[in-house]
Amino acid sequence: MVELESSSPEETERIGAAVARELEPGDVVTVSGELGTGKTTFVRGAARALGITGPVTSPSYMIGHRYPGDPDVSHLDLYRFEGMSDAEWGDLERYFEEAVVFVEWPEAGEGFLPPARVRVRLRHRGDTHRLVVLESFEKALEIRVSTGADPRA
Amino acid sequence: MILGIETSCDETAVALVTQDGEVRSNVVASQAELHARYGGVVPEVASRRHLELVGPVLSEALERGKATLDEVEAVAVTRGPGLIGALLVGLSAAKALAWSRRLPLIPVDHLHGHVASLYLEPGALEPPFLCLLVSGGHTLLLDVRARSGYHVVGTTLDDAAGEAFDKGARLLGLGYPGGAALDRKARDGDPDAYSFPVARVPGFDFSFSGLKTALLYVVRDLPADELERRRADLAASYQHAIVRALVERTRAAAMELGGQPIAVVGGVGANSELRAALADATLAPLPLCTDNAVMIASAARYAPAIPFPQYLALDAYATAA
């Protein structure tokens, strides 16, 4: 586990980009955190680093976006889910095919979502800063990301 | 007559519209009705619901329009953007219906559909105009020069305005989705009680994410009894900030485009403060603000038809490229 501090949306995007550089199609990244902690901002930074140039916006209402690119980037949001059923998972499965996948509010999908390569948790720290906690089973990945996200690097 | 089908998100809808833009029927099975049917149990957010409803809704649309399938000349359907599984239910139903009747299929972009809610009789709107499309999933400024399409001049960079309303409502304890509840609560409040910042972004784009966070901080820092007393003021001030951002950008874009007339479509188009602030604009009829199939059938009048049977391999798209 590594903990990073972000003092602005730009820094949160930069951390997202550092994570994105580690990813390949089929990888899943979960992004948790209360309203306003910067989950969509984090995914935007990651999507930009993966070559997506169009708007990367919150999918809360639409549940899923899939940005065409090389690779495609899927951006899911389970904010409106109360839990997960087989039917609901059936709707989401296609977003996991041949894409790098980011899932906001992943808690409702427990037991259905594939194992995450990286788990990201965002927390408010005062009114401007955010704590960004990254967890992966690959310790080397954690270290590379924390180095890559350092603005002084 | 065109039969339209819409299943891109929460609503299962079928409608009949004539080539001249007259609405013959408009049936929408919304999640709200489903809640009632299942005794208040929260149903799943899944295309299985669309699958259960699309047949009955289709029958009802024909019945209410006093029409038979013999009168249907083309089948129109939303191809995207939306939730893939949900879109595929409507698309498959449309293909099956069109194929079995040897009819052409007209795939429609959901956003073009919202704009086409303005092309119905009586009082069909003639381009050019600047269209503000505001819903739960989208916030767009569209330069409309012809009924067949539009050019995007602005978009939200983070949250849609409708999402800002819905999440604001949840922060204020008004439920989710709570855009309409927030609108009602705001009528009892002072829109100037709190000053919420509206992000300044370049061009004609929008940003509502910071506003939502600002409301969160105010709510978090208020004692419970104080929050209870100030709830209407918070709702009014928050709504005012969203509406002001929408109106300022829209008016500025209309001016930039040479004084184009303004039109408003989409679910947030039902918001009372927005309707009052843009009283000089053409506003989509209230029943056609939220998702429906009338707008899809209407847009199909200005979109290319695919002749029988070349549409069988047509796929849906989640996100506009």
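Let me start in strand 7 of chain B, where L142(B) is the bridge partner of C131(B). Helices and strands here are DSSP runs, numbered from the N terminus: H or I with at least four residues for helices, E with at least two for strands. This is a predicted model: local features need pLDDT of at least 70, side-chain atom pairs count only at pLDDT 80 or more, and totals for chains, interfaces and linings use all residues. Residues are numbered from 1 along each chain as its sequence is written, while chains are lettered from A and ligands numbered from 1 in the order in which they are written.

Back to that pair of strands. Six bridges join strand 6 (residues 129–134) to strand 7 (residues 139–144) of chain B, and the two run antiparallel. Two strands count as paired if DSSP finds at least two bridges between them. Four residues separate strand 6 and strand 7 of chain B, and the two form a hairpin. Strand 6 of chain B also pairs with strand 9 (residues 262–265) of chain B, in the parallel sense, over four bridges. There, L132(B) stands opposite V264(B).

Is strand 6 of chain B mostly covered or mostly open? Mostly covered: six of its six residues are buried. Buried means 20 or more other C-beta atoms within 10 Å of the residue's own; exposed means 12 or fewer, partly exposed is in between, and C-beta atoms are placed from the backbone. In a regular strand, side chains alternate between the two faces of the sheet. Here F129(B), C131(B) and L133(B) are buried on one side, and L130(B), L132(B) and V134(B) on the other.

Next, the open sheet. Five strands of chain B, order 3-2-1-4-5, mixed pairing. Strand 3 (23–29) and strand 5 (105–109) of chain B are at the edges with a single partner strand each, so one side of each has no neighbour in the sheet. On average, neighbouring strands of this sheet are turned by 20° against each other, direction ignored. Helix 2 (residues 47–64) of chain B packs on the sheet, touching strand 2 (12–17) and strand 3, and its direction makes about 25° with that of strand 2. Axes are lines fitted to C-alpha atoms, for helices over the stretch in contact; angles run from 0 to 180 degrees between N-to-C directions. Helix 3 (residues 84–100) of chain B lies across strand 1 (2–6), strand 4 and strand 5, at about 160° to strand 4. Strand 4 (residues 74–80) and strand 5 of chain B run parallel, joined by five bridges. One pair: V75(B) with L105(B).

Now the core. The largest nonpolar core has 145 residues, and A76(B), C131(B), I242(B) and A297(B) have the most contacts inside it. Such a core is a set of buried Ala, Val, Leu, Ile, Met, Phe, Trp, Tyr and Cys residues joined through C-beta atoms within 7 Å. Helix 8 of chain B supplies the largest share, eleven residues.

Last, the chain contact. It takes 32 residues from chain B and 25 residues from chain A. Contact means C-beta atoms, placed from the backbone, within 7 Å. Which helix gives the most to the side of chain B that touches chain A? Helix 7 of chain B, with five residues. In that helix, S209(B), L211(B), K212(B), A214(B) and L215(B) are buried. Their cover includes helix 2 (39–49) of chain A, plus helix 5 (161–171) and helix 8 (224–256) of chain B.

Notes:
Two residues are in contact if their C-beta atoms, placed from the backbone, lie within 7 Å.
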